[in-house]
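Here is a short walk through one structure. Keep the sequence and the 3D view side by side as you read.

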Amino acid sequence: MSTTIREAPAGSQSKTRQEILAKRLALIAVRLLVSVNLFYAAIFLKFAAVPGSVALFTQMSQVAHGLVSQPVFRLGSGAFETVLATLLLIPKTARLGAGLVVAWMTAVILSHIFVLGFGPFFVDALIVMTLALVYLLLTRRHTH
């Protein structure tokens with residue numbers, strides 16, 4: 001019994017390459033968008049002690065009954081977001097970074113729902129979480 005291997009039509013092979021390239025570019029774009037967003041929030045809002053950021057973290061500190069001071073809350077979250085952004089930029093750790101971003105953004109979204117209210121930072125957290133979820137879905141491994 002012999003099996004014959006048929007070659008795919010010439011156009012389909014290049015289409016597959018184009019799809020692979022498009023997917024890779026989309027994944028890189030998602031990683032860059034999320035990383036830039038996290039770096040911006042950490043460096044220009046949290047580390048720079050922008051008054052709006054200080055006010056949000058003061059409110060969070062008060063909800064925690066002062067157990068965590070505002071500067072520790074603000075700078076700690078900035079440091080964590082810097083680590084997440086860095087993980088996303090490294091291809092081998094990007095999935096780990098995206099998973100941690102989803103977990104972090106869940107906490108951020110819940111803090112906005114129950115403490116801080118709905119504003120531009122809430123919308124930003126939703127977008128970042130959605131992009132991280134898209135990355136995880138597009139890079140999942142299929143097991144057979």
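H112 lies in helix 4 (helices are DSSP runs of H or I, at least four residues, numbered from the N terminus). H112 is buried, at 6% relative accessible area (buried means under 20%, with a 1.4 Å probe and protein chains only). Leaving out residues up to four places away in sequence, H112 touches G117, F118, F121 and F122 (contact means heavy atoms within 4.5 Å).

This is a predicted model, where local features need pLDDT of at least 70, side-chain atom pairs count only at pLDDT 80 or more, and totals for chains, interfaces and linings use all residues. Residues are numbered from 1 along each chain as its sequence is written, and side-chain values use heavy atoms, without hydrogens and water.

Now follow the helix pair. The axes of helix 4 (residues 94-116) and helix 5 (residues 120-138) come within 9 Å and cross at roughly 150°. Axes are lines fitted to C-alpha atoms over the stretch in contact, with angles from 0 to 180 degrees between N-to-C directions. Helix 4 and helix 5 are therefore roughly antiparallel (over 145 degrees).

Technical notes. Helices (H or I, at least four residues) and strands (E, at least two) are DSSP runs, numbered from the N terminus. Angles under 35 degrees count as roughly parallel, over 145 as roughly antiparallel, 65 to 115 as roughly perpendicular and the rest as oblique. Buried means under 20% relative accessible area, exposed over 50%, partly exposed in between (1.4 Å probe, protein chains only).
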